[in-house]
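Hello,

Here is the structure I promised to pass on. My notes on it follow below.

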Amino acid sequence: MSEATMTSAPVARATNAAPSKPVTPMSERKPFPLRTVAGMMVLLVLIALPLLAGGYWTFTLGLCFANAIAILSVSFLVRYGGEVSIGHGVFVAAGAYTVALMEKYLGVSVLAALPFAAVAGALLGIAFAYPSRNLSGIYLAVATMALALALPELLLYFSSITGGYEGLYVKRDALPGISRDLQRYYVPLAGLVVVALLLRQFRRSRQALALLLIRTSAPAAESFGVRRSWARLSCMALSAGIAAIGGALLAFSSSTVSPNSFTLWTSIFLLVGSVVSLYSLGMFGSLIGGIFLTLMPLLLAGAGDWVPILYGGALLLVVLGANLMPESWRARLGGGRA
Amino acid sequence: MADILGLIWAGMVSGCLYALGALGIVLIYKSSNVVNFAHGNLAGLAAFLVFGFTAGILGNMAWGAALMVTLAIMFAVMAVSYFVIAPLVFKSDLTSTIATLGIGLIAQGITQLVFGSNVVSLDLPLPKWSAQIGSMRISAYDVAVLFVTAASVGLLYLLIERTRVGIAFRAVSANPFASRVCGLSLRRIHLFSFVVAGLLGLVAALLIVPTTFLSSTSVSSFMLQAFAAAVVGGFSSLPGAVVGGVFIGVLMNLLSFYVAAEFTNTYLLAVILLTLNVFPKGVLARRGGARV
């Protein structure tokens, strides 16, 4: 609900920890009712939309919501960890395959599988982050790139379980009694709202403060007893868990998972979406990224080869544009928020 | 066990190419702290340009002429891509690294747009010659790769150790601030490293083509191996890049022969994680503590 979380280049602040003007924490500021009202209105429009629009649009928007959650996870890592990942498609895949496999072998629906997907993603995040816990920015980026490239190989090798190239289907209804089209719209929407609200709560927690302290100055944080490797592990676990939730809902609303949808490009596109949303941790910022990622290729139907150029151009425009913004704007947009 | 010499030999040949790719990445990183994720895509674009100029898509030239035109184009492309990210370079390493991903996406898109996503084959003008020594099969291609790599590395060494611009490059990579105080233009050094990296990438991309086929993604996936080589060698060491390249080439060949061939990228992931865990700054990097 908070467009206030939109920020320019927080990565810039990650590496050069220049002291900025002290800003009143959000929690002490008076809530801005107009913004909350506007947020509720947009949410109501989104809830009412399927009554007006056809099945195609509800389907596509469902994908947008799921992608927005995945984008939130990338932004989370950038905001709280000061790290860039080009391997988040792997954690998204972990969530998606958990849902698909649990349906195939245990016959449970996405709602029952969702917590397991989140845990599976978080565990994978820890398993990956542990060997790389002492790595700084670029090393982690290269390692995540290798992770993204290794995933399709592993998925294809275990094809007896993962369904190989064909992938798996996710057919089971989450909520009985509601038409399938509407479920594929409302479940990801609810997921996005919940994740955004949880992130908003998280901002006020001790854990969030510890992560932000580590990001600003690791030696200072260590002298307060916050270990850097521990911060990296927890940050990666949370981010991967969110990515896995996004993946689970993505599998549900697209009703299929296959190695083709989790290549290196998936991960790079997620980063593009995160940059386009200006690393927002709010619902609408991430939704802008998700809509950009999902709808742009569809709007430019038949423009297959233009998609990388479009994404690359958007990436450059946003990154350079944010850089051109006057420092005062950036400070205001960045605020005291993570 | 009889094949092992042959495997090592073939691994060294492909390792030379990884080394050339890694050298380009390291050159850029050393001077500007930017990890150029567009390196593979730009090199792939360059290889496609040579293909286009010789195969009649963009023109019908002799090999040498096509190479010269492509060199000139690559010169311009690398200069443009540097100037695109130049405003970010001094602000944040990670932001400028993200920007290189954007450049890579655009390069990939242009390659697909102009040349399609089909696989093409590009023949290098090499004599058909080969010899057998024990289990080692040495072909003209292998000799050409070794020769070209040695020549490129030698030229790069001379360029960096013996010329004024090389001294400036070393000064900037050792201490950018002091270099600027002394009146060096950091931007010019960055541009120098981008252009040289682009030319190294072109050479590497052209030499890879005979072993795989040329497709709009083949060169960029090859670049993961160059990244792994750079990581193994320590991201900021030029000799490390060469050592890492040859090491990765040999290791990948042995693993895919003795273990399983379909896990190339998984091996690279394991090698990267393992190296960074044991040698956090790479095998050949200078050790040093952080000052608080």
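Contacts first: 47 residues of chain A touch 40 residues of chain B, contact being heavy atoms within 4.5 Å. This is a predicted model: local features need pLDDT of at least 70, side-chain atom pairs count only at pLDDT 80 or more, and totals for chains, interfaces and linings use all residues. Residues are numbered from 1 along each chain as its sequence is written, chains are lettered from A and ligands numbered from 1 in the order written, and side-chain values use heavy atoms, without hydrogens and water.

The two chains bury about 4,100 Å² between them, 78% of it on carbon and sulfur atoms. Buried area is the accessible area (1.4 Å probe) that two parts lose on being put together, summed over both. On the chain A side, A:I138, A:Y139 and A:E153 lose the most area to chain B, together 16% of what that side buries.

Which elements of chain A give two or more residues to the side that touches chain B? They are α1 (10-15), α6 (137-157), α12 (264-276) and α14 (306-324). Helices here are DSSP runs (H or I, at least four residues), numbered from the N terminus. α6(A) gives the most, with 14 residues.

One residue in chain B: B:Q225 sits in helix α9 (residues 218-232). B:Q225 is buried, at 10% relative accessible area (buried means under 20%, 1.4 Å probe, protein chains only). Beyond its neighbours within four places in sequence, B:Q225 contacts B:Y18, B:I248, B:M252, B:T264 and B:L268.

Best wishes

Notes
Buried < 20%, exposed > 50% of the residue type's maximum accessible area, 1.4 Å probe, protein only.
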